[in-house]
Amino acid sequence: MKIVTKILLSILMVLAVGARLNAQDNNSPVYVTLWFDTEDYLLPQDDDATKRLAEMLTRLGIRATFKIVGEKGRVLESRGRRDVIAALKRHDIGYHSDTHSQQPTVAVYLQHAGWEDGRAEFYRREVQGVRDLTRIFGVTPVTYGQPGSSWAPQTYPALRDMGIRMYLDEADHVGIDDQPFYYGGMLNVFKMQSNLARMDLSGGASLVNGKALFTKTAERLRSSGGGTISIYYHPNEWVQTEFWDGVNFSRGANPPRAEWKLPGTRPAAETEQAYRDFEQYVQFIKAQPGVRFVTATELKALYADRAITRSFRQEDLVRLARAVQKDITFQKLDGYALSAADVFSLLTDAMAAFVERNAVPAATKVTALDGPARAYAAPIGGTRSSSFRWIAFAQAVRNTADYCRSTHRVPDEIWIGSESMSPADYLATLARAFDDLAASGKPPTEVIRREGRFTSDSHVAQDSPSLWGWVIFPVGFHAPRIMELARLQAWTLKPAVLQR
Ligand SMILES: [Zn+2]
């Protein structure tokens, strides 16, 4: 009797906890984005694996994102695999570079490039793949992710030029708290680390461990208000014993096409076990309360940037101006976030409007800007004033507003007569002047030069050979110049805020 009571009590407790969890679920959604880097254009069995996975998911009512290599799309076409193409079309189509691992890969050919030349070079080398996928699948790819860890910031403006406005991949170069963020003018689901949940495909305890990892990840995310879990695979993992590219292009190797080797294939029983485990795994995820599979397109809507459509009044701008006098970094506000570049554009435009019309505008909107293209260098010769006359500073603000409108980026330096300031010092100086203007209704006669503390680049990794650990890179490869540009682009960094 006692035991029965105990059991009944514990059942009631479980039910109560369950009810509480369910109540929380409604407020703390967990989104799962499942993506496949579809890249093996050598092994014909990869075509069948791709088709089988795409069709399995369709049958289960799950839409995934297939990031396809340009050459893979062309190979499917030339092998007459219209069935594979049709199966893929039921899902989101992304882009995963034109030839993936053929040398030189993206970060290698961009390692010494600057901002504009790097942007042009990525576009020149990669646009054909986007054109081919658009022709083959009938849609512009919605997202991109780099081959291996071959990442570079100059790819972002080039991708926007190709009509791609989302970055979906996993590596360590930049990120905020293992959740989606904005960087380079687009949504990034990247550096998700603790919110990456991948089941092994090696049979045995893979499924049990995969479910446990998913449950742990989802519960942690839910208890912190919800968010996104990223899960990725490659269709070739189901059928191969080793990666198609590792066999051919490891450590910078560049064999001619005639010498390319096929990777080894897994025994059929192992492949079948991996399909069975995977089917159970995604069904398990789909059945969790408060959990929903989302594609790249859905993520773009869920994390839409509300800052872009918002109007900022003078009192909003004063708050922003006060914050950037302390730290120049992103600011998370109610339902939206602002990058350092967003605040740069807002304060510059509002002050430029004041200079022109002698009144702060009733509403100012964000102009999307990229970060500076090179690190600031002080001018050679001349003096460094500790303050400027208002009329000289006002002219610099108007000129900066014009620069931002015509180049769509934060300037590398701001000229005040023959002197220049770094963008961070200019923003801190401008913020203080705006604060004074708002308080007194008139601009200061002397504008004191302030030092800005730019800190959003603390979310960008330091360059090191381990950051570039992909086996396809030449031995010893690392890219200090790419990471310097990455830190400059941290002006554009901010968390992506989930829209409810
Ligand atoms: Zn890949």
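These legends go with close-up views of a predicted model.

Residue numbers start from 1 along each chain as its sequence is written, and hydrogens and water are left out of side-chain values, which use heavy atoms. Since the model is predicted, local features need pLDDT of at least 70 and side-chain atom pairs count only at pLDDT 80 or more, while totals for chains, interfaces and linings use all residues.

**View A. Four strands line up as an open sheet in the order 4-6-5-15.** Helices (H or I, at least four residues) and strands (E, at least two) are DSSP runs, numbered from the N terminus. Two strands pair if DSSP finds at least two bridges between them. The pairing in this sheet is mixed. Strand 4 (166–168) and strand 15 (494–495) sit at the edges, each pairing on one side only. Strand 5 (residues 181–183) runs antiparallel to strand 15, with two bridges joining them. Look for Tyr182, which stands opposite Lys494 in strand 15.

**View B. Helix 12 crosses helix 13.** Two packed helices are described by the angle between their axes and the distance between the axes. Here the axes of helix 12 (residues 314–326) and helix 13 (residues 340–357) come within 10 Å and cross at roughly 125°. Axes are lines fitted to C-alpha atoms, for helices over the stretch in contact, and angles run from 0 to 180 degrees between N-to-C directions. That angle makes helix 12 oblique to helix 13 (under 35 degrees is roughly parallel, over 145 roughly antiparallel, 65 to 115 roughly perpendicular and the rest oblique). The crossing of helix 12 and helix 13 is left-handed, meaning the near helix is turned anticlockwise from the far one by less than a right angle, with clockwise being right-handed. Leu317, Leu320, Ala321 and Val324 in helix 12 touch Val343, Leu346, Leu347 and Ala350 in helix 13; contact means heavy atoms within 4.5 Å. Sorted by class, this contact of helix 12 with helix 13 has eight nonpolar, no polar and no charged residues (Ala, Val, Leu, Ile, Met, Phe, Trp, Tyr, Cys and Pro are nonpolar, Asp, Glu, Lys and Arg charged, and the others, Gly among them, polar).

**View C. Helix 8 packs on helix 10.** The axes of helix 8 (residues 206–223) and helix 10 (residues 268–287) are 10 Å apart, at an angle of about 25°. That makes helix 8 roughly parallel to helix 10. The crossing of helix 8 and helix 10 is right-handed. On the helix 8 side, the contact residues include Lys211 and Phe214, while those of helix 10 include Asp277 and Tyr281. The contact of helix 8 with helix 10 has five nonpolar, four polar and two charged residues.

**View D. Phe312 and Tyr336 form an aromatic pair.** The structure holds 32 aromatic pairs (rings of Phe, Tyr and Trp, its six-membered ring, with centres within 6.5 Å; planes under 30 degrees apart are stacked, over 60 edge-to-face and the rest tilted). Phe312 and Tyr336 are edge-to-face, at 5.9 Å centre to centre and 70° between the planes. Phe312 is in the loop between helix 11 (296–302) and helix 12, and Tyr336 is in the loop between strand 9 (331–332) and strand 10 (337–338), 24 residues apart.

**View E. The loop between strand 3 (92–95) and helix 5 (106–109) holds Pro104.** Most residues other than glycine have a negative phi, and most peptide bonds are trans. Gln103 and Pro104 are joined by a cis peptide bond, with omega about -5°. His100, in the loop between strand 3 and helix 5, has a positive phi of about 65° although it is not a glycine.
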